[in-house]
Amino acid sequence: MESPQKTSYQPAAIEEKWQKTWSELGLDKTPQDQNKPKFYALSMFPYPSGSLHMGHVRNYTITDVIARLKRMQGYRVLHPMGWDAFGLPAENAAIDRGVPPAKWTYQNIAQMRQQLQRLGLSLDWECEVATCSPDYYKWTQWIFLQFLQAGLAYQREAAVNWDPIDQTVLANEQVDNEGRSWRSGAIVERKLLRQWFFKITDYAEELLNDLEKLTGWPERVKLMQANWIGKSTGAYLEFPIVGSEEKIGVYTTRPDTVYGVSYVVLAPEHPLTQVVTTSEQKTAVEAFIKEVTNQSELERTAEDKPKRGIPTGGKAINPFTGEEVPVWIADYVLYEYGTGAVMGVPAHDVRDFKFAKEQNLAIKVVIVPEVGAEETLKTSYTEAGILVNSGDFNGINSVDAKKAITEFAEKQNFGKLRIQYRLRDWLISRQRYWGAPIPVIHCPECGIVPVPDADLPVQLPEEIELSGRGGSPLAQLESWVNVPCPTCGTPAKRETDTMDTFIDSSWYFLRFTDAKNENQVFDFQKVNDWMPVDQYVGGIEHAILHLLYSRFFTKVLRDRGLLNFDEPFQRLLTQGMVQGLTYMNPNKGGKDKWIPSNLVDANNPVDPQTGEPLQRLYATMSKSKGNGVAPEDVINKYGIDTARMFILFKAPPEKDLEWDEADVEGQFRFLNRVWRLVTDYAAAGVCKQKPELDKLSKVEKDLRRAIHIAIQAITEDVEDEYQFNTAISELMKLSNALNDASCNNSPIYAEGIQTLVILLAPFAPHIGDELWQLLGNKDSVHKQTWPSFDPAALIADEITLVIQVMGKTRGSIQVPSQADKAELEKYARESEIAQRYIEGKEIKKAIVVPGKLVNFVLG
């Protein structure tokens, strides 16, 4: 073979060449051969904002390494990509720019697809989906109808944020801290509208219990979901209203404190507010309700805000004591949560204590830490203890009292045991245009009628004027709204709400398994073959909603006979954020405090406007902080492989990563060293001999041991915890061992060079394939089998034995690694070191630590 011409490492040329070759070879296509085990590697799909940021690059690089590794380990791999493309940002951008949301979205998709393809990710683009495409949302609508048939989709009135100027519903994120609309600046009102919900609460218990099955998930994500579901066991108790047949139902996890109730609080929206309010208090109560109605849920429940309330003038009876207690309304009680009413026990609840102090309400101690303890309080006592002032239950410990008091209430018919969840049913209605239309028709004769499957998708009309004002854009398009009822033919109206975009992302991973199926949501065999996802990678910010909703969808579709598994994601990796060097002026407030890095002299960091000294810190990259690094800038300067190597090496994947150009430069230098190492070897002529393992020299044995230590360590690092940073450290050690070896003509050296290139390939795929070709190989390195280590190669023939005299190290010698204690002592006694330091002295004792040292104690 003719020696290849030596060239310098030119990443741009190499990367373009190999991406073209991979595409021509179809290297990343999903294999259909079911003889191999499957592996489904998935990154959370992006919103098409128009440009990739370093967080994207990190996420997709991590998943790509896993996908490439698994292919080399003999798996058939599904590694797809798509777009979470519906939603408010696109609609707002379209309004601001005067272009249709579809046009803006598809332009962004095209731009980001190009950027992703430039990263050299081993994605199967034939599986691509976009949630805003009719051939995708047709099946989103079909799934909605499955929920409707199962009794899991329903309509009811619910409070929404209403902009009185623009006459439209606002999402929580469109309301600022002062309760004003982000667009019109109007004070936002709370208004009741009929909304669509999914009954996720029907699955609360299973969603909670099945967290135990998710052994491949981070514990903190499981804990966040458990807390969000919020299961609690307590008592439902009824307090009769004085002068009425009505009763106020409360749920409490502390029935042991019921003898300490000194007031009851209703949510201002509670229907019983009208029943219990006296004529004297009517005007004040109505004014308070109007004021509270304009507050968002976040404002009302904020911990740092004072709790405000007003007496209704009415009273309720504590069924345990027969005492009358005042009924109040307060802003911190929400009608949507629990029963919309709470019992106030100031002595044993922090919030109630504060409220009672402010409103001068009675505080009655009913639990003390121990028998005979002082009953006066400076603050609430919320721990377990002994009941006092509690009638027949005095002297019982509070844990036992919970059960006893609940059982007593049940026997007396004014209470019962209840299991409750913090989780609420999922409000899926959006009064916006850019989302999947809800596929039902409202008929005056038949009621709610599902759109027949044959008429799906209900397509979004393209000729529509978007202003962000005047309610749902779809509701204003009469030609689209007015349709005959599909059941009886009566003139009827389409549903004009669109679906929450979380619905689109709650099943996309299922569609990837059969992305181009025009006749079914997905093929039963294919989805059950590929699912569940073996490795899911994405940000911790999706720990609750997206992951919980995806689990919910999976369980519903399983119960509809479409799936045969319980959980969608086997393993979950939540990658850390990418942080950039950030400059902050502590004397400024709001967004103005962040000074963009490009305006600051790193050697003299001062505010360019005021001259004030700036603080330096690392913070998550964002436009507002002006601390971002554009992926294309890094790629243009160093190449994709260097960017990948830095991202993987700088920090473990679950930790935050501090961007530092000096470290990027370090990885570029490492790839250059590997390039020179391999090209020097290839230029000298590749060794084709097979090694004779029983005739190796010591140098060859040492090098072979370094090779197989690298194989073992890297395989362990990338298989279990995905510690790519330590795996790259091992690659560096192997590179150094090859560089230092003095047996360049040996077949062992050839094995080392080939192994280095194969092990490097998943991390730096372009240089990997180029070097593989320079070594005279015809096929892609990514089609090679991942190497396995030889345990025999790890055993050293010789070890270094340290010799000590009276605990002081005097030198070391090489001895056979298999030597026992007696042999080690003999080698040490006979060594030149021992002769020199012990000459003429008596050895009182020899302490032998096998494999490490011999210490001579002299008399």
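Mentor: Happy to! Let me start with a term: a residue is called buried under 20% relative accessible area, exposed over 50%, and partly exposed in between. Keep in mind that this is a predicted model.

By that cut-off, F197 is buried, because its relative accessible area is 3%. Y154, with 21%, is partly exposed. These two residues form a stacked aromatic pair, with 5.5 Å from centre to centre and 15 degrees between the planes. Y154 belongs to strand β5 (residues 153-163) and F197 to strand β7, so their pairing ties together parts 43 residues apart in sequence.

Now to another pair that involves strand β7. The ring centres of F147 and F198 are 4.3 Å apart and the planes meet at 15 degrees, so this pair is stacked too. It links distant parts of the chain, since F147 sits in helix α5 (residues 134-149) and F198 in strand β7 (residues 189-198), 51 residues apart. F147 has 0% relative accessibility and therefore counts as buried; F198, at 1%, also counts as buried.

The structure as a whole holds 40 aromatic pairs.

The charged end of R68 sits over the ring of W22, 4.8 Å from the ring centre. Likewise, R422 places its charged end over the ring of W228, at 4.7 Å from the centre.

How values were computed:
Residues numbered from 1 in each chain as written. Predicted model: local features only at pLDDT ≥ 70, side-chain atom pairs only at ≥ 80, totals over all residues. Heavy atoms only, no water. Phe/Tyr/Trp six-rings, centres within 6.5 Å; stacked < 30°, edge-to-face > 60°. Helix = DSSP H or I, 4+ residues; strand = E, 2+ residues; numbered from the N terminus. Buried < 20%, exposed > 50% of the residue type's maximum accessible area, 1.4 Å probe, protein only. Lys NZ or Arg CZ within 6 Å of the ring centre and 35° of its normal.
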